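Take a look at the model below.

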Amino acid sequence: MTRKSHGPAFKKAAIKLAQCPLCRGRAVTEGVFHELPCGHCHASGFVAAATGEALALDELVTQLSMRLRAALRQIEQLKNPQASGPEATYQGSNRRGAGGTNYTGD
Ligand SMILES: [Zn+2]
């Protein structure tokens, strides 16, 4: 595998995603006989919130990955609540401030 970098971006910025208005986030639209992949959002169900337009495919994959990771992290936190006292609560909020992402979600 050759590593080919497209640009000098060290850190990917999270683009705010919104539900695709055409398929309403379902990624498919009703065809006559079948459900068809939504052509507006690359069948992802998401568009860029700012523009309402689909992201480029490679960008979309990255953004969905970031979103998925954030969601998985949230699930883990919900499954393993660390806060069990005042100290834990303090540490938790401290950690969130320092190491937290700037991901804002919906
Ligand atoms: Zn769509």
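Start with helix 1, which spans residues 57–79. Both E76 and K79 sit in this helix. They are three residues apart, or about one turn of the helix. This is a predicted model, so keep that in mind as you read on. The side chains of E76 and K79 meet in a salt bridge, with N and O 3.5 Å apart.

E76 has a relative accessibility of 40%, so E76 counts as partly exposed.

Now turn to the other salt bridges. Which residues do they join into one network? Through shared partners, R26, E30 and E35 are linked together. R26 forms a salt bridge with E35, and their closest N and O atoms are 2.5 Å apart. The side chain of R26 also meets that of E30 in a salt bridge, at 3.5 Å from N to O.

Check the exposure here too. E30 reaches 59% relative accessibility, so E30 counts as exposed. R26, at 45%, counts as partly exposed. E35 is partly exposed as well, with a relative accessible area of 44%.

How many salt bridges does the rule give? The count comes to three. One of them pairs E76 with K79. R26 takes part in a bridge with E30 and in another with E35.

Methods
Residues numbered from 1 in each chain as written. Predicted model: local features only at pLDDT ≥ 70, side-chain atom pairs only at ≥ 80, totals over all residues. Heavy atoms only, no water. Salt bridge = Lys/Arg side-chain N within 4 Å of Asp/Glu carboxyl O. Buried < 20%, exposed > 50% of the residue type's maximum accessible area, 1.4 Å probe, protein only. Helix = DSSP H or I, 4+ residues; strand = E, 2+ residues; numbered from the N terminus.
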